[in-house]
Amino acid sequence: MPRRTHALARPLRPARVTTWFHRLAPVLLLALLAPAACGRLAGPLSADPGDAADRPAPVASQPDGSADPAAPEPGDPTDPTDGQSPEPGDEAVALPDPCALVRKAEAEKLAGLGLGDGKSVGDTCTYTAPADGPTAQVEVFVGDGAKNYLDVERALGHETRALPGVGDEAYATADSFFVNASGRWVAVRLVRLNDPEENRGPLESLARTVAARL
C-alpha cells in the first residue's frame with residue numbers, strides 16, 4: 001500500500017509578512033491608545049465640583065505677565081471698595097453746649113425771675129426757679145431733640161410763625177422758639193404762668209442771640 005506523504009507547509013514569504021503586519025498595526029495601535037484616551041475623557045467629567053472653590057482667585061496682571069502690585073488683595077483694609085465709603089454729610093455735626101448757648105442771666109431775663117444754675121443732661125440744659133417761689137423754667141434743647149420738638153408742635157397743630165433773618169431758618173410759638181444754623185438745631189421753651197403775649201418779644205430777642213452763637 002503506498003505511503004502517504006504530507007507536504008511541508010510553505011514558509012511565509014517576507015512580502016506576505018510585511019503585508020500582514022501593515023494590516024494588523026492599526027488595530028494594535030488603537031488597542032494601546034484606547035485606555036489613555038478614555039482616561040483623558042473621564043478626567044474632567046469626574047472632577048470634584050468643589051475643586052474650583054479651592055483654587056486661588058486670579059491675580060490681576062500687567063501686560064508683561066507679572067502680577068499687578070497695586071491690586072489689593074481680598075479683605076485688604078486699604079481696599080477702597082472693601083466696605084462702604086463714607087458719604088458726604090455722614091460726619092456728625094458737633095453740637096454746642098446748651099448751657100453755653102443760653103446763659104443763666106439770659107434765662108432769668110426771659111423768665112422774669114431768678115433761676116437756679118443750669119442742669120445739663122445729655123443735649124439739654126434746664127434752669128428752674130426755686131421751689132419756694134413762683135413757677136418758672138427755661139429749657140434748652142440742641143440737635144435732634146430740638147428738631148423733634150418742632151415736629152411735635154406742628155403735628156399737634158400749634159401755631160408756628162417764621163422769624164425772618166434769624167439763622168438759616170427760625171420759628172416761634174407762644175412759649176418756644178426754634179433756630180437752625182449751620183445744620184444745628186436749637187430749641188428754647190419757657191414755662192411761665194403769665195400771658196403768652198408778654199413772652200413774644202423776649203423769645204424773639206433771645207432767638208437772635210442764640211443764632212449768632214451757632
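**View 1. Arg200 and its salt-bridge partners.** At 37% relative accessibility, Arg200 is partly exposed (buried means under 20% relative accessible area, exposed over 50%, partly exposed in between; 1.4 Å probe, protein chains only). Arg200 forms a salt bridge with Glu204, with the closest N and O atoms 3.6 Å apart (a side-chain nitrogen of Lys or Arg within 4 Å of a carboxyl oxygen of Asp or Glu). Both residues belong to helix α6 and are four residues apart, so about one helical turn separates them. Arg161 joins Arg200 and Glu204 in a network of salt bridges. Helices (H or I, at least four residues) and strands (E, at least two) are DSSP runs, numbered from the N terminus.

The model is predicted: local features need pLDDT of at least 70, side-chain atom pairs count only at pLDDT 80 or more, and totals for chains, interfaces and linings use all residues. Residues are numbered from 1 along each chain as its sequence is written, and side-chain values use heavy atoms, with hydrogens and water left out.

**View 2. Two further salt bridges.** By this rule the count comes to six salt bridges. Glu106 pairs with Arg213, the closest N and O atoms being 2.6 Å apart. This pair links distant parts of the chain: Glu106 sits in helix α4 and Arg213 in helix α6, 107 residues apart. Arg213 is partly exposed, with a relative accessible area of 28%. Asp151 and Lys147 meet in another salt bridge, 2.8 Å from N to O. They are four residues apart in helix α5 (residues 144–155), so about one helical turn lies between them. Asp151 is partly exposed at 32%. Lys147 is partly exposed too, at 26%.

View 3. Strand β4 (residues 161–162) runs antiparallel to strand β5 (residues 169–172), joined by two bridges (strands pair if DSSP finds at least two bridges between them). Arg161 stands opposite Ala172 in β5. Six residues lie between the strands of this hairpin, and Gly165 there takes a positive phi near 80°. Strands β5 and β6 (residues 176–181) are antiparallel over four bridges. Three residues separate them in their hairpin.

**View 4. The loop residue Ser182.** Ser182 lies in the loop between β6 and β7. Its phi is positive, about 55°, although Ser182 is not a glycine. Ser182 is exposed, at 53% relative accessibility.

View 5. Asn199 occupies the loop between β7 (184–192) and α6 (200–213). At 4% relative accessibility, Asn199 is buried. Its side chain makes a polar contact of 3.0 Å with that of Asn194 (a pair of N or O atoms within 3.5 Å; within protein, one must be able to donate a hydrogen and the other to accept it, and residues adjacent in sequence count only if both atoms are side-chain atoms). Not counting residues up to four places away in sequence, Asn199 touches Ala174, Leu190, Arg192 and Asn194 (contact means heavy atoms within 4.5 Å).

**View 6. The largest nonpolar core.** This core has 30 residues, and Val138, Phe177 and Val188 have the most contacts inside it (a set of buried Ala, Val, Leu, Ile, Met, Phe, Trp, Tyr and Cys residues joined through side-chain atoms within 4.5 Å). Helix α6 gives the largest share, five residues. Leaving aside neighbours within four places in sequence, the contacts of Val138 include Ala107, Leu110, Cys125, Tyr127 and Val188. Another core, of seven residues, lies apart and has Ala146, Tyr171, Phe178 and Trp185 among its members.
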